[in-house]
Structure formats: structure tokens, C-alpha cells
Amino acid sequence: MPRRRIGFWYRLAAVIAKPPLVVLIKRDWRGMENIPADGGFITAVNHNSHVDPFAYAHFQYNTGRVPRFLAKSGLFKKGFIGAMMRGTGQIPVYRETTDALSAFRAAIDAVERGECVVFYPEGTITRDPDQWPMTAKTGAARVALQTKCPVIPVAQWGANELLPPYSKKLNVRPRKTSHVLAGPPVDLARFYDKEMTPELLREATEVIMAAVTRQLEQIRGEKAPATPYDPRRERIEQRRRSQAETGREGENAK
């Protein structure tokens, strides 16, 4: 697979990040043949550790198609971090806009320039108790349907064993293995050239996340829950349980 022009800043980031990754994590990488050799595309990746972006970036960098991650637009204005973000070609997300598609205008531009744009559709580290992918936001689907670019589902596992979700303590022994599996492009053709209603975007997002989850099932050798964990639904249920408990305590106090 041909290696794209990477540039000084990205090579500097690789020089800094790759040595500790090689020391701390073994590699089980599969599916590189599914990464497009040319043209813009999206990768949709599950998220289960604060260090998994580095593990995934190592995989993607070695395919020859360097990853461009999405980040808050404000980070691009902050000193050395901003210079690094701009220099490595990361993608600003303009969350201050009221137009959902405009929030991702830089991602759309990057895809149309032929870049690999990385989406973590869940938006944060999964809160599923067993670390399966949870319900996702629609940004990846918006960009995919706007550009009609390939969407490559990528699952990863192992960085979460090095640094468990929401933990601050590395678990370095025994040495962990970074499992990364890229699948074939997700078929979204039935969603093309239609109005991007919330319902259509949710359906397209569910198709993307189902493909990511299937890749993770292959890595883990087990089946995911039939219904993805939904943190919003869980918060509603927690409030209901809390209100019910408060009501029972009030009745008992009478």
C-alpha cells in the first residue's frame, strides 16, 4: 500500500509515541487490506480506553494512510498543542455552530481532499459494563452520506487492559496485546441522496456501529448484547428508580 506524504509534525509525533507503544503493547493487527489505498475515507472506531487512540493511530499509521482525528476547534489555538494539531493535520470540530453539518465542515473538506478521517462515533469511552460499543452520535453518518466516501469499521481491544476505562493507573504486567481489526466498507448506498432526517441518520449510524461491533465480536470471540448500551436511557432509568425509592421512603415515613 503506497505511503502518503506525512510531513514533519506527524513524523515527530510518531517518533515520540511509537517507542513506548512498542515496549508496552504487543500487536495483533488484521484487516489492513480493507484500508483504501487512495481517496478519502472514514474509519469508525470503538473507544474503551484513554490510550486506545494511540494504539489505533499506530495501526493506521503503519497502513501508509495516516489518521486525521477530530478534536475541538479551540485546541487548535493553544500554543504548542495547537501547533501540533495543525501541523499533523488533525480535524477541528466547530461545536459552537447551530448547523450540525457545518460542525463537520473541516472533516468533509478533509475527506474530499483524499484524507483518512477518524471518527469515534460513541463520542466518549464506552460506559457499557462489559466494554461493548454503546449507542453512537450521528457525525460519522453525516459526513459519510454527504461525501459518499467509504466507511471502514475498525474494532480494537487490548489498550483497555493496559489502561482500563476511566482509570488513571497503567496495568503493564503482563504485557498486553493491541488487537485491531479493520473490516470491509459499510454498505450505506440505500441512504444516499435522501433527506438527512434524524431518523435516517440514526439508522445509518446503527448500521455503522453494528459493523464495528461485529469486528469486535471476532476479536473477543463472543457475542455482543442484542441491544447496545444507551447511557441516556440508563440515566432516565436511574432517575425513575431514585424517584421511586424517594416515594417509598416518603410513604414509610408517614
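Mentor: The lining of the largest pocket divides into 31 nonpolar, 10 polar and 5 charged residues; Ala, Val, Leu, Ile, Met, Phe, Trp, Tyr, Cys and Pro count as nonpolar, Asp, Glu, Lys and Arg as charged, and the others, Gly among them, as polar. The model is predicted, with local features requiring pLDDT of at least 70 and side-chain atom pairs pLDDT 80 or more, while totals for chains, interfaces and linings use all residues. Residues are numbered from 1 along each chain as its sequence is written, and side-chain values use heavy atoms, without hydrogens or water.

The volume of this pocket is about 1,600 Å³. Pro53, Phe69, Leu70, Ala71 and Tyr120 are the closest to its centre among the 46 lining residues. (A pocket is an open set of points on a 1 Å grid over the protein atoms alone where a 1.4 Å probe fits, with protein on both sides within 12 Å along at least five of seven lines; lining residues have an atom within 4 Å of a point. Points are joined across faces, edges and corners, and the volume is the space filled by probe spheres set on them.)

Two or more lining residues come from each of helix H1 (8-24), helix H2 (52-62), strand E3 (67-72), helix H3 (79-87), strand E5 (116-119) and helix H5 (139-147). Helices (H or I, at least four residues) and strands (E, at least two) are DSSP runs numbered from the N terminus. H1 supplies the largest share of the lining, 9 residues.

For reference, the second largest pocket has a volume of about 770 Å³, and its lining divides into 11 nonpolar, 6 polar and 11 charged residues.
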